[in-house]
Structures are given as structure tokens and as C-alpha cells.
Amino acid sequence: MTAAPDSSLATLWCPAPNRETRRNGLPPDMLILHYTGMDSAEAALDWLTRQESGVSCHYFVDEEGRIAQLVAEQERAWHAGQSRWAGETDLNSCSIGIEIHNPGHDFDYPDFPEAQMRAVEALCLDILSRHAIPPARVLAHSDIAPGRKRDPGEKFDWERLGRAGIGLWVPSAPLEGDAGLGPGDEGETVAALQRALLEFGYGAEVTTTYGTGLEQVVEAFQRRVRTASVDGRGDKSTIATLDLLLASIRTMA
Ligand SMILES: [Zn+2]
């Protein structure tokens, strides 16, 4: 392992034991953002650098915007867990993971402070300058593990990052007050929604039935993109926002 951080923005080098060679042997092409979900930054950083935690990440950003590097970018860190995106399941091997300290949904879920967001933005730009990571592969942990993970959550400012050239952001179609599709619904409209989510990259199955899996994926999409209401229902605004997002990806391709 290199003795110094890959990023000049990292002022701390805290080597984590949970690291290994990337199993695909390829450079990373995905960036995953997390929140720590712990009540203090000190406890979170301590946990992420302990072998018995079974987890690690490449970078850690505290509330004041201090950046620590824990695992070299060329190595595989243990942040994604059981996850899936675009048909791939070993996402630790193809990604760089940033843990952003925030206590999360289980502890009042505070706003992300400005100094922290400024640091996250700068760090992402710095990582993107070194690696060929397409905008559509800058994702939330909740995107790759729907139903299991909610981080970094609906308060995270993806619009700010999108405007800075980090990841995808589209304006949300306004809520129309319709109940939309939900658990138990069936038919072609459900299948169309599943196909659209699958096209973006979610681990959605096309079954024509609105099951728990689809509800969780819709909720993940809402948490990441259409944050005005995160309820897992396929309403008109959700479907229209998803269409806008897919159109923006097709334009880039
Ligand atoms: Zn996470």
C-alpha cells in the first residue's frame, strides 16, 4: 500500500485493515456515497479502521469537512456489502467508497453542513479527475442496496453535485397528487416502470407485478432523485422524473 493518500485533499491517512486487491484487476469505474449512520465521527472513523467491523471505505469526511483516506484507491475496500447495479454484484471491486459522517435516519438525520458538502464536492471532483467514472455510476449506497440501505438519504444534496459535474441530476417533475402504482398492482404500466428502473441500472426484475422488491427500488430512486416524497409508489411525478433521467443519459451516450 502506498504510504501517502491518493488525494491531496486528505489531511489524514488512517490505514484500514479491511482491504484487498480488486478482484477484477481493473481500475474503479464507480463512486458510491454513504453516510456513516453513527452518532459521532470519532466512533465512525474508529469502527471503519477496525478489522472486527468487517467494513472499510476509501475516504471519510467529517462534519467540518476534514478528509481522511483509509484505503488506497487501487485497492478494494469493504463498503458496498450485498449489492447490485447494472447486473454486477461485486461492487466493492469496481468502486471507490466515501463515508460521509452523518448519524442518519436512526439518529434524527441532521442536515449535511456546508463545510462538509464543500469537502465532499471537492473530493469527488478530485477522484473523477483520476478515474474514468461515468456520471450515471456516481451513486448512493441506497441505489445499489434498495430495501437494505437508506444512505446517504434524501437530505443529501445531489443537485449541488450534479451542477458541479458530479453524477446525474435532473429537476424533479412536480407532484400531481395521484396515488400512483403500488403493491398489488399488475400489468403493462408496472412492467414499463420496472424496465425503466432496470435501464438506469437498478436491480429491478420485470414481472408485471408491483411487489416489495419494486417498492424498495422505487423508494431508492425517490431518495436519490425525486426527493419530494419518498413513499415507494410509482406516481406520475416519479415516472416522469425517471423518464427525464433516462433521456439525459441517452443524450450523453
Ligand atoms: Zn452505506
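**Reading the fold and a helix pair**

Analyst: In the protein chain, 69% of the contacts with a separation of 6 or more join residues 24 or more positions apart. Please note that this is a predicted model.

User: Which helices and strands make up the chain, by number?

Analyst: The protein chain contains eight helices and eight strands.

User: How does the radius of gyration agree with that of a compact globule?

Analyst: A compact globule of 253 residues would have a radius of gyration near 18 Å, and the protein chain agrees because its value is 18 Å. The C-alpha trace spans about 55 × 35 × 35 Å along its principal axes. As for burial, 48% of the 253 residues count as buried, where buried means under 20% relative accessible area.

User: What describes two packed helices?

Analyst: The description rests on the angle between the two axes and on the distance between them. Here, helix 7 (residues 212–224) packs with helix 8 (residues 236–252) at an angle of about 70 degrees, and their axes are 11 Å apart. Helix 7 is therefore roughly perpendicular to helix 8, since angles of 65 to 115 degrees count as such. The crossing of helix 7 past helix 8 is left-handed.

User: Which residues make the contact between helix 7 and helix 8?

Analyst: Helix 7 contributes Val218, Phe221 and Gln222, while helix 8 contributes Thr238, Thr241, Leu242 and Leu245. Of the residues in this contact, four are nonpolar, three are polar and none is charged.

Methods. Residues are numbered from 1 along each chain as its sequence is written. This is a predicted model: local features need pLDDT of at least 70, side-chain atom pairs count only at pLDDT 80 or more; totals for chains, interfaces and linings use all residues. Side-chain values use heavy atoms; hydrogens and water are left out. Axes are lines fitted to C-alpha atoms, for helices over the stretch in contact, and angles run from 0 to 180 degrees between N-to-C directions. Helices (H or I, at least four residues) and strands (E, at least two) are DSSP runs, numbered from the N terminus. Angles under 35 degrees count as roughly parallel, over 145 as roughly antiparallel, 65 to 115 as roughly perpendicular and the rest as oblique. A crossing is left-handed if the near helix is turned anticlockwise from the far one by less than a right angle, and right-handed if clockwise. Contact means heavy atoms within 4.5 Å. Ala, Val, Leu, Ile, Met, Phe, Trp, Tyr, Cys and Pro count as nonpolar, Asp, Glu, Lys and Arg as charged, and the others, Gly among them, as polar. The radius of gyration is taken over C-alpha atoms; the globule rule is 2.2 Å times the number of residues to the power 0.38. Buried means under 20% relative accessible area, exposed over 50%, partly exposed in between (1.4 Å probe, protein chains only).
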